Amino acid sequence: MTDDDHDAAGHGAHREEFHDDPLDHAEVWAEMSVGDLATEYGKAGIGAAELSRAVDIYSEMLGDDDVTNFFGLAGAMVPGGMRRVVSDLIRDGHIDVLVTTGANLTHDAIEAIGGKHHHGRTAEEGDEREHDEQLRDEGVDRIYNVYLPQEHFTLFEGHLRDEVFPAFDGPVAISEFTRELGRANLDANADVTEDPGIAAAAYEHDVPIFVPAIQDSVLGIQAWMHSQVSEFTLDALADMTNITDIAFDAEQAGATVVGGGVPKNFVLQTMLTVPEAYDYGVQLTTDPASTGGLSGATLDEARSWGKLEKSAKNVTVLGDATITLPFLAAAARDRIE
């Protein structure tokens, strides 16, 4: 057989694959469910197909009681308006372990105790510096197109000082600290019209919250300041035992990763400490893989590290998580309920 014959034979051997599963075209109609829309996305290609596959995998994860669900939450998800999506997932038993940032818990607590984020705007071209200088003068912090008055941080600091820190007199695991924060948020929320939030829901449903980079936040700054005048300190290594024990006892495990950074890696690296690996994985990120950075690394790449099983069902969806996360959660609920 010549090289040309070999190439032709190889080409022909793969022809069936290239003709399999023809693309269809998505349809939309009045009063369709979000589950219907996810199915229609599956007929299409590019990002729609990936998001549809994410719904398939996430629905399977949530529908199997033998799967322990680890949820990584990075980015400005609470100020971005995703707080209720996450707290409801906790209440409905769809999150067994939460790994997030101190920033998300800071903003979560602010809303729980009566503070609010506000719709804002990004600066017009050529007006960026002036716009943010004015916000500085007015005592307002900006997170893209969201505003947060700085007086809410004062409210939050008082909440920690009066309701959270008095519970401890010595070293404490971060997950124990966040549990107490959830209890305090729930108690303070009694006269607040806003939902008590993520930490409170986790406290009520015995879901541990791990914050491996807690010092990188206002919550962490306040914890450090309190440690300067008391015996209180946070023991980050204690949480390695706590999360590893959960992973070791899991019959099956699924990872849902929103954003990247430390929460993503902490969720995934946990499987390096136990004999098994994740059976399911869904990642929602804005970062491409081509930079070589962790936040854009696909879950297929995580398989090479032994963080996912070779047979794991997984998908990475590129896009703004304030758009993809509610869609994912709503469509999965539609499928399993």
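Which residue in S9 is the bridge partner of valine 67? In this predicted model, that partner is glutamine 252, and the pairing belongs to a parallel arrangement in which seven bridges join strand S1, residues 67–73, to S9.

Strand S9 spans residues 252–258, and six of its seven residues are buried, where buried means a relative accessible area under 20%. S9 is also joined to strand S10, residues 278–285, by five bridges, and these two strands likewise run parallel. Within this second pairing, alanine 255 has glycine 281 in S10 as its bridge partner.

We turn now to the backbone angles in two loops. Most residues other than glycine have a negative phi, which gives the background for the two cases that follow. Glutamate 31, in the loop between helix H2 (15–19) and helix H3 (34–43), has a positive phi near 65 degrees although it is not a glycine. Glutamate 31 counts as exposed because its relative accessibility is 84%, and the cut-off for that class is over 50%.

The second case is tyrosine 144, which is found in the loop between strand S4 (140–143) and strand S5 (146–149). Its phi is positive as well, at about 55 degrees, in a residue that is not a glycine. Is tyrosine 144 buried or exposed? With a relative accessibility of 58%, tyrosine 144 counts as exposed.

Methods: Residues numbered from 1 in each chain as written. Predicted model: local features only at pLDDT ≥ 70, side-chain atom pairs only at ≥ 80, totals over all residues. Heavy atoms only, no water. Helix = DSSP H or I, 4+ residues; strand = E, 2+ residues; numbered from the N terminus. Buried < 20%, exposed > 50% of the residue type's maximum accessible area, 1.4 Å probe, protein only. Pairing = 2+ DSSP bridges.
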